[in-house]
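Hi,

Here is the structure I promised to pass on to you. Please have a look at it first, and then read on for what turned up.

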Amino acid sequence: MVFQRMGVAVLCLFAASLVAQNPAYQPDAGWRAPSDAAARPNPLASRPETAAGGRKLFVRNCVECHGKNGAGNEKKHSADLQLPIVQQQSDGELFWKITNGNLHRGMPSFSKLPELQRWQIVLYLRTLSQH
């Protein structure tokens, strides 16, 4: 009886986690960074420890739509940041997207965040890739 209840509880938790994610995410093919922006290197690339600050910024600014693990929120149609199609983008592309947003898809601009904080978020996004 106890094992049966535990099994039901685990199954419910698993089902809830699937509902929160956005497994059907499809990127906006028209939302592309200009080539000069995509080519920008991350000035913090040699300082991976700054990703910890990026995590704090992510929690404060991004979790509502992308979830704690970055898998996206189906109800908000937000990007699954773990997907290879996202992770394969250059740091410059991700920075440009964070900076400019995509109002057509509900992604706000975070241009008001200081530039180095946006680069920290990019570093943190790299830690979300699926293994």
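A residue counts as buried here when its relative accessible area is under 20%. Please keep in mind that this is a predicted model. With that cut-off, Phe-58 is buried, and Tyr-124 is buried as well.

Phe-58 sits in helix α3 and Tyr-124 in helix α7, so their pairing ties together parts of the chain 66 residues apart in sequence. The two helices, α3 (residues 51–61) and α7 (residues 115–126), have axes that come within 7 Å and cross at roughly 100°. Angles of 65 to 115 degrees count as roughly perpendicular, so that is how α3 stands to α7.

Which residues make the contact? From α3 there are Ala-51, Gly-53, Gly-54, Arg-55, Leu-57 and Phe-58, and α7 brings in Gln-117, Gln-120, Ile-121, Leu-123, Tyr-124 and Leu-125. Sorted by type, the residues of this contact are seven nonpolar, four polar and one charged.

Now to the rings. How many aromatic pairs does a search of the whole structure find? The search gives two. In the pair of Phe-58 and Tyr-124, the ring centres are 5.2 Å apart and the planes are at 50°, so this pair is tilted. The other pair is Phe-95 with Trp-119: here the ring centres are 4.0 Å apart and the planes at 10°, so this pair is stacked. Phe-95 and Trp-119 are both buried.

Finally, the cysteines, in case you are setting up bonds. A disulfide is a covalent bond between the sulfur atoms of two cysteines. The count of disulfides in this model is zero. As for burial, Cys-62 has 11% relative accessibility and so counts as buried, whereas Cys-65, at 25%, counts as partly exposed.

Best wishes

Terms used
Residues numbered from 1 in each chain as written. Predicted model: local features only at pLDDT ≥ 70, side-chain atom pairs only at ≥ 80, totals over all residues. Heavy atoms only, no water. Axes fitted to C-alpha atoms, helices over the stretch in contact; angles between N-to-C directions. Helix = DSSP H or I, 4+ residues; strand = E, 2+ residues; numbered from the N terminus. Parallel < 35°, antiparallel > 145°, perpendicular 65-115°, else oblique. Contact = heavy atoms within 4.5 Å. Nonpolar A, V, L, I, M, F, W, Y, C, P; charged D, E, K, R; others polar. Disulfide = S-S within 2.5 Å. Buried < 20%, exposed > 50% of the residue type's maximum accessible area, 1.4 Å probe, protein only. Phe/Tyr/Trp six-rings, centres within 6.5 Å; stacked < 30°, edge-to-face > 60°.
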